[in-house]
Structures are given as structure tokens and as C-alpha cells.
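This briefing is meant to be read with the sequence and the 3D structure at hand. Please keep both in view while working through the points.

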Amino acid sequence: MAVTRAASALPFRAPADLEVQRYELARARQLARAWAGTLPEPRRRDMAALFTRIALDTYRLQARPHARLSPPFAQPYGQLDSAVAELAQAVGREAAPLPIGEAAYYLTGLYTTLLATRERGALGAFYTPPALATRLLDMAEEQGVDWSKARVLDPASGGGAFLLPAAERMIAALPAADPAFVLRQIGARLLGLELDPYAAGFGQNAIELLLADVTLAAGRDAPVIVRVADTLEEPPSARFDLVIGNPPYGRVTLTPEQRRRFARGLYGHANLYGVFTDIAVRWTRKGGTIAYLTPTSFLSGHYYSALRDLIAKEAPPAAIDFVHARRGVFEDVLQETLLAAYRRGAKPGRAQVHYVEVASEREARVIRNGTIGLPSPASQPWLAPRHPEHSRLIAAAEAMPGRLADWGYSVSTGPLVWNRFKGQMRDRAGRGVHPLIWAEAVTADGRFIYRAEKRNHAPYFKIERGDAWLLVEEACVLVQRTTAKEQARRLIAAELSAEFIAKHGGVVVENHLNMVRPALRPAVSPATVAAVLNSRVADELFRCINGSVAVSAFELEAIPLPSPAAMRGVERLVAKGACSAEIEAELAQLYGQAQA
């Protein structure tokens, strides 16, 4: 009943106020999501496809009556009841006054919006807002892409978020050309590959809606530019001037043959967007451009070390934009994202870095941050400014000779995965029982407080026979392993003192902590290491390295540090118990940063 009332409350109106249209469209889409949430998963995908098709057909009748939409690439099973079909028609009507690119984003995006979150994740189906698609095409253009002759591929084209604006630019680049010639050019030079036949069909329909005036003038149908295909199995042809897209994200289990084929960019588990980056290299001609929207995690994670090396050798970055999007621009996506343009066969150099503020699906503001230079070896984490003020810090850090290894430290994760040893957790001390150190023992202000206050967090652990490897018997620095960019500090560290360990005969450290462990005679004291990791300058540097919520051992070991000799002043301050402001000022001088 709610759907019936909602549908009747969304009548067709003349295009007076586009903001009102957008509001009503968003409201209708919300109602559609609520309806889809009531469907059992085996039916939900078909019903989402049916809903989207009705909305597209209604939009065509209202806004592009002369367009001819090709039949679905896959025919969904079932039918919608009349109230839901009415709502789908209302969505199509509300989209009619919008610009074609924006309308297509809303309409083809309906399909993924209505899918269950689990299925969206499995398909990697998160469509790109027009503001980011426009910015990524601008970046490609800045690298010399000529729309009058460029051959363009989107290897995971979804609903056509990049195919549509690419086709628009191709049309604009041929202003005086015969319409039939324009259609032939687009058919010969633009290609989308898409695994999901429903999404592929909607992407093709979006192109047909865009080309309606051209096809009418030419007296012929739009070319078929979207093909249903498993891109991982497509034989590559390095003939494209631009490979562009928002590849699917998420871990994937490759077949043995696929793992062999893509081995050069893999380390450990495979992520789809990493595999699609390798694929883009294979499809792009020498001198061509790759323009991708991906998570930022490849910049630093250990699992992406081989991918970074591959990018540096085959297609180094020319420009990177870090995306800051308001909540709701990417529905159901939690990762930080970036836009990047790479040049196939170019020599690595410094790439321009921007910060993109996305206010809505249509609006983005670009702020110049600085540049990024690739480390040697390129498999190491890449230092990239997230804000304009990071440029000077990175310039100083790139000249820093030291790392934690040079100070006499290695980093490892806490050895105890608690849910594998539930039976050995204890509430009180006893024979063979040692303190169990959880992440909450490291406080936000950099102190170690022995506590176990959260649910399922026992304060002690019983060492059984064969468990000696779990026991930590030397002083170290503990660092929380999971923090978010919204927190005041990403690096939260505290010294686990030799006195505490001696008192208890060793401790057991849980897996949500990193341990920065000293060699026999470290060049810098653990207390100083903790002070440095808790400093503002180290925190800002880590933000320039890290691309996820995880604080990994690999990234901690890559933080640029002063030489041990240069740290003597900081050591003296820490030894005499100086306040954090004095230590910060000393570190700021070492990194060439003026203190406010």
C-alpha cells in the first residue's frame, strides 16, 4: 500500500526546477530500495532488472521518444505488481527533465541500487557519479587523449558511466561530420565489456538514448558498443588510446591459470581492481593512457607491492586525485578512493596530485596538493600528499635516510588471534597465566594502561604446552592496528616497559596490536620510538602513506625517519621527561616543518 501511495504522489511535471526534480527522484529511489529490501534474494536481481527496464522505457517515452532501445541482453524472469510498476514509471518520469548524462546515471544505477548489499559486493557493482566520471575524463584529456580519433575501452563498463561521456566528447570533437559517419566512428572506437548481462544491456540502452538525435538524423540504429564478456578471459589487444573505468573491487579467487597469467601484479590474495589494472596495461597501446577510479589501498599495502612495481615499470602515474566524497555519493562503499591517470610506456617521474571534494553526484572541486615521486624500489609504499600542506613535509621525508630497521627495530603483529584460543583465556592470574594485552591498553594519549574492558576481553591468558611462541618477554612499542582517517591521530602508540614484562614474566599480545620490537642494542630507545610515532609529524607522514583503515607492519617499517645520530636531541628530551610540545618542536625542525 505504501508503494501505491508513493507512486501516485509522484506525478509528471514540467521541467521547472531541476533541484525539485532531483529531490523527487531521490525520494522515489529511496522508496524503490525499501521495496527491494522486502524481496527474497533469489528473486531480487530479476526484479531489480525489471524495475530498471520499466523506468528506462518510461524515460524514453518522456524525453527521447525517437530513440530505439535494443532488447535486453538477458530477459529477467517474473513481473512486477502494478503498484511497483507505477513507482518505476514515476522514476522514469522524474528523470525526464534532467540532462541525459545525469538521467542515465540515475536510471542505470537503479539496477545496482536495488540489489542486496552482499550481491552488489560480489559483483563489484558500485556506479560512478557523473562528477567523478567527468573529472576522470578531464584527466585523460590532460594526458593528450584526442576524442576525434581516440580508441576507448571500459573493461568493466557497468551502466555506461564512462561510455556515455566518452561518446559525448567524441560527438563534440566531430561537429561538422555526417551523422552516419559519427555513428560509425563511435561504433569503431568505443567499447565496453561487462560481465553482468543486465548491467551490460542497460549500458547499451543508455548509449542509445544519448545517440537518439544522431540516429534519427542518420536514419540508422545506434551501434552496439557494449559486449557481455568475462574480461579476465578476454584475449587482450594493445590497441586502445584510453582504457578507463571504475573496475570492480574485492578479493577474488582466481583459477590456477588466471593466477599464472596475472602473477606479475599479485602478492598474496588477489583483489579484482588490481587484476583489472594489469588488464588495462595489456589493452593500452604504448603512449596511451589508463584512467581508473580505485581504492587508495594499492599505494601502500604489502599485498599490492607487486602491483606498484608493475605500474611503475609499465604505466607510471601522471596524475592522482584523492577523492573526498560526502556520505551517499557512493552508496554502500566504505573505502577511500582516488582517480589516477597513467601513461603506458612512460618513464617514471613526478606526478601531479590533487584533492577532489565531491559535494554531490554532479559537483566536484579540485584542489592542487603537490606531487608524488615513486620510491626505489617502487614496490615500497608511495608517499603522496593528501592536502596542500603535506608537500613540504614529503619533500623533507624523501630525503630522510632512516627507517625503523636503521634504528634497530622490526615490526610484527601481536601473535594471539583470540577466538582461536578461547579456552585459554582467564579472568584472574595463576600458575602459567600471563597478562593478555588488548588494543584498548594503548590509550589515545599514548599511554599504556593494562586493562581488558570490552566484551569478551579477558585480562589473562594461560600458556599451554607448545604455546611459548605466544609469550612476549622483551620491552617493545605497541601500536593500534586499526584506526580511521577521521580520528585525531592515525598512529596511536605506547611503550610496553621492561618493568611490566619482568613483573609478570612475560605477556601475550593480541592481534589488533602491532609490536615494534628492538634488536639487542637498538640505536634509539623504545620510549623515543613511542614518542616519535605519537607525534604530529609522524602521524601526517603516515596519512601520506596509508590507504586504508589498517595500520600495517609493512607501512610502519616504511615511514621515513631521521638518522639515529640526528635523533640525539629528541632522545635527551624524552629521557628528561620533556612535554610533548618540546618533542614535537624538535621533530618539526628535523622534518623542516615550522611550528605554529
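The points below are grouped by topic. The model is predicted.

**Aromatic pairs**

- The count of aromatic pairs comes to 15.
- One of these pairs is formed by Tyr 111 and Tyr 198, whose ring centres are 5.8 Å apart. Their planes stand at 85°, and because an angle over 60 degrees counts as edge-to-face, the pair is edge-to-face.
- Tyr 111 belongs to helix H5 (residues 100-114) and Tyr 198 to helix H10 (residues 197-210), so the pair links distant parts of the chain, 87 residues apart.
- Tyr 111 is buried, because its relative accessibility is 1%. Tyr 198 also counts as buried, with a relative accessibility of 11%.
- Another edge-to-face pair joins Tyr 249 and Tyr 273, with 6.1 Å from centre to centre and 75° between the planes.
- Tyr 249 is in the loop between E4 and strand E5 (251-252), while Tyr 273 is in helix H13 (residues 272-283), so this pair ties together parts that are 24 residues apart in sequence. Tyr 249 and Tyr 273 are both buried.
- Phe 448, Tyr 450, Tyr 460 and Phe 500 are linked by ring pairs into a cluster.

**Salt bridges**

- Side chains of opposite charge can pair when their charged atoms come close. In this model, the count of salt bridges comes to 27.
- Arg 27 is partly exposed, with a relative accessible area of 27%, whereas Glu 24 counts as buried at 13%. The cut-off that places Glu 24 in the buried class is 20% relative accessible area.
- Arg 227 and Glu 234 meet through their side chains in a salt bridge of 3.2 Å, N to O. Arg 227 is partly exposed, at 35% relative accessibility.
- Asp 445 is joined to Arg 447 by a salt bridge, with 3.0 Å between the closest N and O atoms. The relative accessible area of Arg 447 is 46%, so Arg 447 is partly exposed.

**A buried loop residue: Ser 300**

- Ser 300 is located in the loop between strand E7 (284-295) and helix H14 (305-314).
- Is Ser 300 buried or exposed? Ser 300 counts as buried, because its relative accessibility is 1%.
- The side chain of Ser 300 reaches the backbone oxygen of Ile 545 at 3.2 Å.
- Leaving aside residues up to four places away in sequence, Ser 300 touches several residues, among them Arg 308, Pro 381, Asn 546 and Phe 554.

**Exposed positions and a surface patch**

- Pro 235 is in the loop between strand E3 (226-228) and strand E4 (240-245). With a relative accessible area of 62%, Pro 235 is exposed.
- Pro 235 and Glu 102 are 133 residues apart along the chain, and their C-alpha atoms are separated by 33 Å.
- A nonpolar patch on the surface is formed by Phe 73, Val 224 and Val 228, which together have about 250 Å² of accessible area.
- Val 228, a member of this patch, is found in strand E3. Val 228 counts as partly exposed, at 40% relative accessibility.

**Backbone features**

- Most residues other than glycine have a negative phi, and most peptide bonds are trans.
- Asn 456 is not a glycine, yet its phi is positive, at about 70°. Asn 456 is placed in the loop between strand E14 (433-437) and strand E15 (460-462), and it counts as partly exposed at 47% relative accessibility.
- Ser 376 and Pro 377 are joined by a cis peptide bond, with omega about 0°. Pro 377 is in the loop between strand E11 (364-372) and helix H15 (390-397).

Definitions and conventions
Residues are numbered from 1 along each chain as its sequence is written. This is a predicted model: local features need pLDDT of at least 70, side-chain atom pairs count only at pLDDT 80 or more; totals for chains, interfaces and linings use all residues. Side-chain values use heavy atoms; hydrogens and water are left out. Helices (H or I, at least four residues) and strands (E, at least two) are DSSP runs, numbered from the N terminus. Buried means under 20% relative accessible area, exposed over 50%, partly exposed in between (1.4 Å probe, protein chains only). A polar contact is a pair of N or O atoms within 3.5 Å; within protein, one must be able to donate a hydrogen and the other to accept it, and residues adjacent in sequence count only if both atoms are side-chain atoms. Contact means heavy atoms within 4.5 Å. Rings of Phe, Tyr and Trp (its six-membered ring) pair if their centres lie within 6.5 Å; planes under 30 degrees apart count as stacked, over 60 as edge-to-face and the rest as tilted. Patches are made of residues with over 30% relative accessible area and no salt bridge: like charges are joined within 9 Å, nonpolar side chains (Val, Leu, Ile, Met, Phe, Trp, Tyr) within 5 Å. Accessible areas come from the Shrake-Rupley method with a 1.4 Å probe; for residues, only the protein chains shown count as cover. A salt bridge is a side-chain nitrogen of Lys or Arg within 4 Å of a carboxyl oxygen of Asp or Glu.
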